[in-house]
Amino acid sequence: KREKNLIVALDYHNTYSADPKFWDTFIYMAWMRKWEVYCVTHHTGQKQNDKLLDSIGKILDKDHIVFTMGKAKDQFMKDLGIEVNIWIDNNPIHIFQDPGY
């Protein structure tokens with residue numbers, strides 16, 4: 001039995017964008033379990049941000065989409081007061097290290 005609802009952070013580029021239909025289903029299933037899902041991305045360019053908002057942004061509300069502006073994702077989320085339980089990311093080193101761009 002779960003003692004708390006889980007918080008999931010889902011990367012966008014080459015994770016969500018690799019198979020949006022799959023991840024949309026995952027998000028809906030997570031919501032059925034009362035989990036919170038955030039899209040956490042390093043995206044900094046407006047063109048990339050617009051593409052993201054036009055895809056996963058149609059599923060998640062804006063306060064569940066986090067642009068870290070190239071900062072390490074875990075610390076960025078902690079600074080927002082959000083303790084992520086599950087990270088889903090094709091490049092997990094960027095959860096804890098700045099990507100350097």
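Modeller: Here are the salt bridges, pair by pair. This is a predicted model: local features need pLDDT of at least 70, side-chain atom pairs count only at pLDDT 80 or more, and totals for chains, interfaces and linings use all residues. Residues are numbered from 1 along each chain as its sequence is written, and side-chain values use heavy atoms, with hydrogens and water left out.

The whole structure holds four salt bridges (a side-chain nitrogen of Lys or Arg within 4 Å of a carboxyl oxygen of Asp or Glu). Take Lys 73 with Asp 11: N to O is 2.9 Å. This pair links distant parts of the chain, 62 residues apart. Lys 73 sits in helix α3 (residues 73-79), and Asp 11 in the loop between β1 (7-10) and α1 (20-32). Helices (H or I, at least four residues) and strands (E, at least two) are DSSP runs, numbered from the N terminus.

Lys 73 also bridges to Asp 89, with the closest N and O atoms 2.5 Å apart.

Now burial (buried is under 20% relative accessible area, exposed over 50%, partly exposed in between; 1.4 Å probe, protein chains only). Lys 73 counts as buried because its relative accessibility is 2%. Asp 11 is at 6%, so it is buried. Asp 89 is buried as well.

Another pair is Lys 78 with Asp 74, at 3.0 Å, N to O. Both lie in helix α3, four residues apart, about one turn of the helix. Asp 74 is buried at 11%, whereas Lys 78 is partly exposed at 38%.
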